[in-house]
Amino acid sequence: MNNKNMFNANDYQIKIASPVGEAMWASLKDPKRWQPGDAGNYQMSLVVSKSEAEDLISQIIAVRTKMEDMMTKDGKTVKLSPHDPWKDTDDGKIEFRFKKPHFEANDKYPASKPVPTYLPDGSKVDWENTEWAVGNGSTVQVGGFIRPYYVGTLGLGISLRLAAVKVVELKKFVSGSSDDFGFGNGNDSSEGSPEEFSSADF
């Protein structure tokens with residue numbers, strides 16, 4: 001069995017709730033599309049202090065180590081992706097990048113729905129009847145999954161799958177576009193992972 005088919009990401013993803021931090025580049029209602037015809041991704045960056053980021057980074061590394069150990073247990077080698085789902089910011093913080101692939105409707109499945117988003121009063125945003133977006137600088141917590149993937153050109157990597165957002169302090173973005181230029185197209189495009197998240201999960 002080749003490395004690409006060695007595991008089902010759904011079997012190894014870990015459900016997490018992020019630390020509370022600053023939202024950036026949120027596309028929660030509509031997917032961000034990079035080119036015409038792209039299915040696109042729902043996505044959000046979360047910026048936190050380095051100390052607040054330590055636990056989540058440790059969990060990510062633990063999942064990657066577990067997958068690497070599993071894939072090399074018979075003496076095989078595995079290439080590791082050079083890309084992490086976090087980066088250092090210019091002001092000394094950590095930016096985590098969460099994504100959720102969008103899928104168009106087909107004969108078997110309906111189209112992907114917007115990211116479930118909960119306001120400070122506990123109510124759920126009705127994205128179909130909402131004209132604003134969660135703007136940069138909003139204080140949020142992200143619910144999601146630490147999710148392994150294997151791509152032949154990159155190797156074994158870890159993504160952060162976006163499942164839900166809890167807004168602590170909202171700064172509405174009400175004009176223009178929520179498009180951003182900080183994510184790229186992504187590599188974890190598996191469909192069908194369990195992504196049920198409610199406000200009680202935070």
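How many helices and strands are in the chain? Select the whole chain and colour by secondary structure. There are two helices and 10 strands. Both are DSSP runs: helices are H or I with at least four residues, strands are E with at least two, numbered from the N terminus. Follow the sequence and the pattern reads α-β-β-β-α-β-β-β-β-β-β-β.

This is a predicted model: local features need pLDDT of at least 70 and side-chain atom pairs pLDDT 80 or more, while totals for chains, interfaces and linings use all residues. Residues are numbered from 1 along each chain as its sequence is written, and side-chain values use heavy atoms, without hydrogens and water.

Next, show the surface. The chain exposes about 10,700 Å², with 47% of it from carbon and sulfur atoms. The area comes from the Shrake-Rupley method with a 1.4 Å probe. Of the 202 residues, 45% count as buried. Buried means under 20% relative accessible area, exposed over 50%, partly exposed in between (1.4 Å probe, protein chains only).

Now select phenylalanine 7 and tyrosine 12. They form one of two aromatic pairs in the structure. Ring centres of a pair (Phe, Tyr, or the six-membered ring of Trp) lie within 6.5 Å; planes under 30 degrees apart are stacked, over 60 edge-to-face, the rest tilted. This pair is edge-to-face, 6.1 Å centre to centre, with 85° between the planes. Phenylalanine 7 is buried at 13% relative accessible area. Tyrosine 12 is partly exposed at 25%.

Last stop: lysine 32 and tryptophan 34. The charged end of lysine 32 sits over the ring of tryptophan 34, 3.8 Å from its centre. That term requires NZ of Lys or CZ of Arg within 6 Å of the ring centre and within 35 degrees of the ring normal.
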